[in-house]
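Welcome! Please look over the sequence and the 3D view below, then work through the exercises one at a time.

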Amino acid sequence: VRKTASGWVARCPCPDHGADGQGDNNPSLSISLGDNDRILFHCFAGCKQDAVLEAMQLDYPALWPSKDASGKPPSS
């Protein structure tokens, strides 16, 4: 993972990433924060968002944390 001006870039975790299906050797997953601190991501090699989430064992609600009345994420 490497910091960029607009967020971060990382290697895509999809096992069949890229045209050759050999994984991501050159970071192509862009990650940034959107409105209300929602996590946004895009694989420039064309991996579907559902596949990226599955490879990371996450779901969409994990990217959009709920907040309490003070606007802070709930404590774990």
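Accessible areas here come from the Shrake-Rupley method with a 1.4 Å probe, and for residues only the protein chains shown count as cover. This is a predicted model: local features need pLDDT of at least 70, side-chain atom pairs count only at pLDDT 80 or more, and totals for chains, interfaces and linings use all residues. Residues are numbered from 1 along each chain as its sequence is written, and side-chain values use heavy atoms, with hydrogens and water left out.

**Exercise 1. Describe the chain as a whole.**

Step 1: The chain exposes about 5600 Å², and carbon and sulfur atoms supply 51% of that area.

Step 2: Of its 76 residues, 22% count as buried (buried means under 20% relative accessible area, exposed over 50%, partly exposed in between, with a 1.4 Å probe and protein chains only).

Step 3: Two helices and four strands make up the secondary structure, and along the sequence they follow the pattern β-β-β-β-α-α. Helices (H or I, at least four residues) and strands (E, at least two) are DSSP runs, numbered from the N terminus.

**Exercise 2. Work out how the strands are arranged.**

Step 1: The four strands form an open sheet in the order E1-E2-E3-E4, with antiparallel pairing. Strand E1 (2–3) and E4 stand at the edges with a single partner strand each, so one side of each has no neighbour in the sheet.

Step 2: Two strands pair if DSSP finds at least two bridges between them. E1 and strand E2 (residues 8–10) are joined by two bridges, with Arg2 opposite Val9 in E2.

Step 3: Strand E3 (residues 29–33) and strand E4 (residues 39–43) pair over five bridges; here Leu29 has Cys43 in E4 as its bridge partner. Five residues lie between the strands of this hairpin, where Asn36 takes a positive phi near 55°.

**Exercise 3. Is Leu33 buried or exposed?**

Step 1: Locate Leu33 in strand E3.

Step 2: Its relative accessibility is 51%, so Leu33 counts as exposed.
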